[in-house]
Amino acid sequence: MKKIAIQGIPYDLKSSFLRGPALAPPLIRQSFHSEAYNSYAENGMNIASELIEDKGDFSIKKYEEIEEIALRHLNQGYRLLTLGGDHSISFPLLKAYAKHYDGIHILHIDAHGDLYDEFEGDPYSHACPFARIMENELASRLVQIGIRALNPHQWEQIERFGVETIEMNNLDMNRLPEFDQPVYISMDIDALDPAFAPGVSHQEAGGLSSREVLHIIQSLKVPVIGADIVEFNPPRDVSGITAAVCGKLMKEILSKMIEQ
Ligand code: MN
Ligand code: MN
């Protein structure tokens, strides 16, 4: 089985509203390693596994370096769990992944579609990564869950790219989308209701509970080839609650990656 590399990408220069997610990776790790918790995930896997190697954080000067770092680790034979950073990092991550995997299926959990053709003049804004991923054909299937901030332009993009978007107001937890091949998980922390995860730049009320996000991830029946956890903004957090959610999600996603 391929080993898993954890890589931190402390990059938030493509956030449209607030900076802050660049501060997230060390705090996610701190929660993940905290003595407040044992090292077992809910599926019984011990995530203190020899299959997991932490490569540390990579300070980024140019956006292009994100793809290079990911590609280096993929070339070394790892699957990747990336700690962001804002959501703009997912496009270069998927660019690297597409060099190793064909026809990737993506499970994108977010309050936002992130499908803008451009945002405030920047086609690589954190509001745009899935438009870039789909137009560059880096994925053959994109399923979005938790979405609750669409506008007419984003609906056009959903049609254009054939995205399977499940809005929060239509979400039926008993009828989640099924996958028939390995998936890449892109986890934007603002998918959670701000009551569960206040430490984000865009606090969009009416979101998923921690348990619902865990259920969506845990109920996957296919292998997980990679994942990113993005948009945690530490200065916006309240008594470490969002860091704790991120640490838990990191643990559960890693257990899912080990499981298969
Ligand atoms: Mn996002
Ligand atoms: Mn979002």
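Which residues in H1 meet which residues in H7?

1. In this predicted model, the side of H1 that faces this question is made up of Leu27, Ile28, Ser31 and Phe32, which meet Ala243, Ala244, Cys246, Gly247, Met250, Lys251 and Leu254 in H7. Sorted by class, the contact of H1 with H7 has eight nonpolar, two polar and one charged residues.

2. As to the geometry of that contact, H1 and H7 pack with their axes 8 Å apart and at an angle of about 70°. Because an angle of 65 to 115 degrees counts as roughly perpendicular, H1 is described as roughly perpendicular to H7.

3. Helix H7 (residues 241–259) also has helix H6 (residues 210–218) as a partner, the two axes coming within 10 Å and crossing at roughly 15°. H6 and H7 are therefore roughly parallel to each other, and their crossing is right-handed.

4. The residues in contact here are Ser210, Val213, Leu214, Ile217 and Gln218 from H6, which meet Val245, Lys248, Leu249, Glu252, Ile253 and Lys256 from H7. By class, the contact of H6 with H7 has six nonpolar, two polar and three charged residues.

5. Turning to the strands, E1 (residues 4–9) and E2 (residues 52–57) run parallel and are joined by four bridges, and Ala5 has Glu53 as its bridge partner in E2.

Definitions and conventions: Residues are numbered from 1 along each chain as its sequence is written. Chains are lettered from A and ligands numbered from 1 in the order in which they are written. This is a predicted model: local features need pLDDT of at least 70, side-chain atom pairs count only at pLDDT 80 or more; totals for chains, interfaces and linings use all residues. Side-chain values use heavy atoms; hydrogens and water are left out. Axes are lines fitted to C-alpha atoms, for helices over the stretch in contact, and angles run from 0 to 180 degrees between N-to-C directions. Helices (H or I, at least four residues) and strands (E, at least two) are DSSP runs, numbered from the N terminus. Angles under 35 degrees count as roughly parallel, over 145 as roughly antiparallel, 65 to 115 as roughly perpendicular and the rest as oblique. A crossing is left-handed if the near helix is turned anticlockwise from the far one by less than a right angle, and right-handed if clockwise. Contact means heavy atoms within 4.5 Å. Ala, Val, Leu, Ile, Met, Phe, Trp, Tyr, Cys and Pro count as nonpolar, Asp, Glu, Lys and Arg as charged, and the others, Gly among them, as polar. Two strands pair if DSSP finds at least two bridges between them.
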